[in-house]
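Thank you all for making the time.

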Amino acid sequence: PMARARASPRDASPTSGARLVVAASVVLAACASACTAAYGDARAPNGAMTMLDAPWRAFASRVGGAVRRTSSAVERVANAFAWSSRACGANGMYCDDGMCERLRGTTRSLLLGQPTASNALTDAVCDFVETPRDDVRKPLVVSLHGSPGVGKSYFHRILARAAYNVTEACPGAGCPGYKIIFGTDYVVREREVQGRMLRDAITMHLERYPESVVVVEEYDKLGCPARGALKQMLEHGAAGGQGNPFDRNITFARSIFVLEANMGFMDVHDATVTHGGSGSRNRAAALGDALASLQRTLKDALFEKWTTDGCEEREDTLKAVGAIDVFVPFVPLDREAVKSIVHQQLEQRGKRKAERRELRRLEWDDAVLERLVDEVEFEGDFAIEGGKEVAIVLSRCVTRALRLLAEAYVERAGSDGGLVSSALRDRVVRLTPASSPSSPIVAIVVS
């Protein structure tokens, strides 16, 4: 019973209460065996039947049967207890309670410049996780489209942290059900093993974590064998058993597949320019109205590409594209969106430095934000690398300014330089814009 309880797919390590109940079933089973065997000890020394042998044998049989039935019932209770008391997150199972609220809150506050994508994705995920498990027949499959640096990868990291209710070690030990696969990894190798490699990577993961967030980046670049294997997995709610082409008995239906592609980013760019006014908010509102037609455009573009590749019959290509539930555009980031990202990352850096007691507080004003955004490279209205360049700009401008200020304090104190990291401890530091191209930001101590 303990072995079967531990093997429960939803709880690899039962709680102490479950262990006690399972232990009770083991004790009762042992009692049953002892009672049933005890009648043999009532025989005469020479093995002859005694007058008490028949009644004792009947009594022991009745007691043993009752104890075995009780043991079986206790075992069922133990397994149910282990199932219902499972921990979520660390064992790769979704933390259903509050998952939608966490996802909506974090996407709105962290996925900056993408309100249309945020709303479309959270609606799809919430509908999926709130559907009763018995009614789910296939995994949720979403396809993200847009240029690099606009938040596609950031979204699935936010999704995994909300699904498993963790804020740290994710990706990592905090959310082992979160798996990222790069589509190009299955193109450069021998074509005949592409499909098996992709299939094994996903099925072995889902065999261990049936409620997973599986990401396939650059999925539009998959070769024909790998794409065929992916299509089979997305079409079926389970692998193994009659009618499914897999050699493992695995359920896909409770997982979320995030397919990420740069393909179609020019369609998204053109739609943003065509339907948008000035400013991210106007663009988002106008693009929201055009979302349905843009989704159709992205779906048709994928179908055309896969048809041109000629990997399968047209009908099979239709099925493959049809297995994707929603196509979501990630719009290019304009100056307003980049400015929001700069502000967000400055807040995060200031908080980390305060927690490490490198300073008490970091301050800045709107002029600093505008100066930092000037350091980001734009082509027309949009940042060329999206939000990717923000971290580099902050390292070059803000981290350098803070280091120079700390080194100046250490030099004035006559130290050997070993206390640079703590030179500004308990001090409020303010960032201000500067005119020097090499040092666009300077840091000063205000208290």
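What follows is a short tour of the chain as a whole, then of one glutamine, and then of some salt bridges.

Please keep in mind throughout that this is a predicted model. The secondary structure of the protein chain comes to 15 helices and 12 strands, and of its 447 residues, 44% are buried. If we take the contacts between residues at least 6 apart in sequence, 72% of them join residues that are at least 24 apart. As for the surface, the chain exposes about 22,200 Å², and carbon and sulfur atoms supply 53% of that area.

Let me now turn to Gln114, which sits in the loop between helix H4 (99-110) and helix H5 (115-130). Is Gln114 buried or exposed? With a relative accessible area of 1%, Gln114 falls under the 20% limit and therefore counts as buried. A polar atom of the Gln114 side chain lies 2.7 Å from the backbone oxygen of Val331. Leaving aside its neighbours within four places in sequence, Gln114 is also in contact with Val150, Pro329, Phe330 and Leu333, as well as with Val331 itself.

The remaining part concerns charged side chains. Side chains of opposite charge can pair when their charged atoms come close. How many salt bridges does a search of the whole structure find? The search finds 21, and I will pick out a few of them.

Arg356 forms a salt bridge with Glu358, the closest N and O atoms being 2.8 Å apart, and Arg356 is partly exposed at a relative accessible area of 47%. Arg357, for its part, pairs with Asp426, with the closest N and O atoms 3.7 Å apart. Arg357 lies in the loop between helix H13 (335-355) and strand E8 (361-363), while Asp426 lies in the loop between helix H15 (388-413) and strand E11 (428-433), so this pair ties together parts that are 69 residues apart in sequence. Both partners count as partly exposed, Arg357 at 44% relative accessibility and Asp426 at 45%.

A further salt bridge joins Arg430 to Glu363, the closest N and O atoms being 3.1 Å apart. Here Arg430 belongs to strand E11 and Glu363 to strand E8, so the pair ties together parts that are 67 residues apart in sequence. Arg430 is partly exposed, with a relative accessible area of 37%.

Finally, there is a network of salt bridges, which links Arg335, Lys339, Asp366, Glu370 and Asp374.

Terms used
Residues are numbered from 1 along each chain as its sequence is written. This is a predicted model: local features need pLDDT of at least 70, side-chain atom pairs count only at pLDDT 80 or more; totals for chains, interfaces and linings use all residues. Side-chain values use heavy atoms; hydrogens and water are left out. Helices (H or I, at least four residues) and strands (E, at least two) are DSSP runs, numbered from the N terminus. Buried means under 20% relative accessible area, exposed over 50%, partly exposed in between (1.4 Å probe, protein chains only). Contact means heavy atoms within 4.5 Å. Accessible areas come from the Shrake-Rupley method with a 1.4 Å probe; for residues, only the protein chains shown count as cover. A polar contact is a pair of N or O atoms within 3.5 Å; within protein, one must be able to donate a hydrogen and the other to accept it, and residues adjacent in sequence count only if both atoms are side-chain atoms. A salt bridge is a side-chain nitrogen of Lys or Arg within 4 Å of a carboxyl oxygen of Asp or Glu.
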